[in-house]
Amino acid sequence: MTAPRADRYRASALTAAVTGGDVLPSQSAAIPCGPEAIVAEARAAAAAGATAVHLHARDADGRPSADPALYAEIAAGVGEGCDAVVNVTTGGAPGMTIEERLAGIAAARPELATLNLGTMNYESFPDRGRWPRVDANWEREVLERSGSGVFVNDLDTLRQIAGALNDLGVVPELEAYDLGHLAMARFLVDEGTLIPPVRVQLVLGVLGGAGNAIEDLFLLRQRAREVLGPDLADLGVAAVGYPMQFRHAAVALSLGMDCRVGLEDNVRAARERLAAGNAELVEVAVGLAAAVGRPIATPAELRERLRAAVPTAPGGSRG
């Protein structure tokens, strides 16, 4: 499929995923823990050129949290310190209930929130021989659960999350980890649970979903455009690990797609060196954009796009 002219000239939105719910603080001292550190990292990423910041909450000891008070504090701190579009998770962290996964949205009232499109095997640490050395007991427990990870997003869960976002006027960022997730997006649009045009982020490199090859990106991009057609607004990519985060960012930017970098998905700036922080990863992406002649969208430009996708129908889920 030939890219529309607009794809070749539009600015690309760059998201910084600053802390995540799967990466362990023992993997890198740069992982922000506690609201003050998360806010500082988000502001630094915005100053480095990020259009949006994707947020999870963590306690001071680094444990992922669903505490609404933490989300409210983080969102307020980011809003006071920079103009970046705020994007909050509904994926949370392994083991969280649907109520916990939605708690941060109601507290933070972000402009964007992720919505994961299907249940899947989900493994962050499948190879025992490559487990990181960890400091905290809760991190050790995460490692010991490897091999049993299932990310539950059944149809009822998707309808509930979509309805909650709709009720709050939050634009969903649909996370597609594989081809079947694109078919689910099509189903949810057709039944009225999702209101088009929809924003889709292709997630590559999680064991249980699509692989991390550039060919995987090409295939998912093509199918997203075919399956969703005119109901597709924005298409982006988030790839896990070094060097694939940067390789996919370079290709996505070249294709006029949005992209995501950040410590949630990759802790390395080079093969033998950990990133100093999210700002360093954003700076790499900004440099890639400059090298391929792709401007990075400002927060105002992204908000203009989002206005077309704000839910307008009452009542949330109608499936």
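This is a predicted model: local features need pLDDT of at least 70, side-chain atom pairs count only at pLDDT 80 or more; totals for chains, interfaces and linings use all residues.
Residues are numbered from 1 along each chain as its sequence is written, and side-chain values use heavy atoms, with hydrogens and water left out.

Strand β1 (residues 14–17) pairs with strand β2 (residues 52–55) in the parallel sense, over three bridges. Two strands count as paired if DSSP finds at least two bridges between them; helices (H or I, at least four residues) and strands (E, at least two) are DSSP runs, numbered from the N terminus. The pairing of β1 with β2 belongs to a barrel of eight strands, closed in the order β1-β2-β5-β6-β9-β10-β11-β12 with parallel pairing. From one strand to the next, the twist averages 30°.

Helix α7 (residues 179–191) packs on the sheet and touches β9 (171–176) and β10 (198–204), contact meaning heavy atoms within 4.5 Å. The direction of α7 makes about 145° with that of β9. Axes are lines fitted to C-alpha atoms, for helices over the stretch in contact, and angles run from 0 to 180 degrees between N-to-C directions. Helix α11 (residues 299–307) lies across several strands, including β2, β5 (85–88) and β12 (258–261), and runs at about 60° to β5.

The structure holds three cavities of 30 Å³ or more. A cavity is a set of points, on a 1 Å grid over the protein atoms alone, where a 1.4 Å probe fits but cannot get out; lining residues have an atom within 4 Å of a point. Grid points are joined across faces, edges and corners, and a volume is the space filled by probe spheres set on the points. The second largest cavity contains about 50 Å³ of space. Strands β10, β11 and β12 each give two or more residues to its lining, and β11 supplies the largest share, four residues. Among the lining residues are Asp234, Asp258 and Cys259.

Cys259 is buried, with a relative accessible area of 3% (buried is under 20%, exposed over 50%, partly exposed in between, with a 1.4 Å probe and protein chains only). The closest cysteine sulfur to that of Cys259 is in Cys82, 18 Å away, too far for a bond. The structure holds zero disulfides, a disulfide being a pair of cysteine sulfur atoms within 2.5 Å. Cys33 is likewise in no disulfide, as the nearest cysteine sulfur, that of Cys82, is 19 Å away. Cys33 is partly exposed, with a relative accessible area of 21%.

Technical notes. On a 1 Å grid over the protein atoms alone, a cavity is a set of points where a 1.4 Å probe fits but cannot get out, and a pocket is an open set with protein on both sides within 12 Å along at least five of seven lines; lining residues have an atom within 4 Å of a point.
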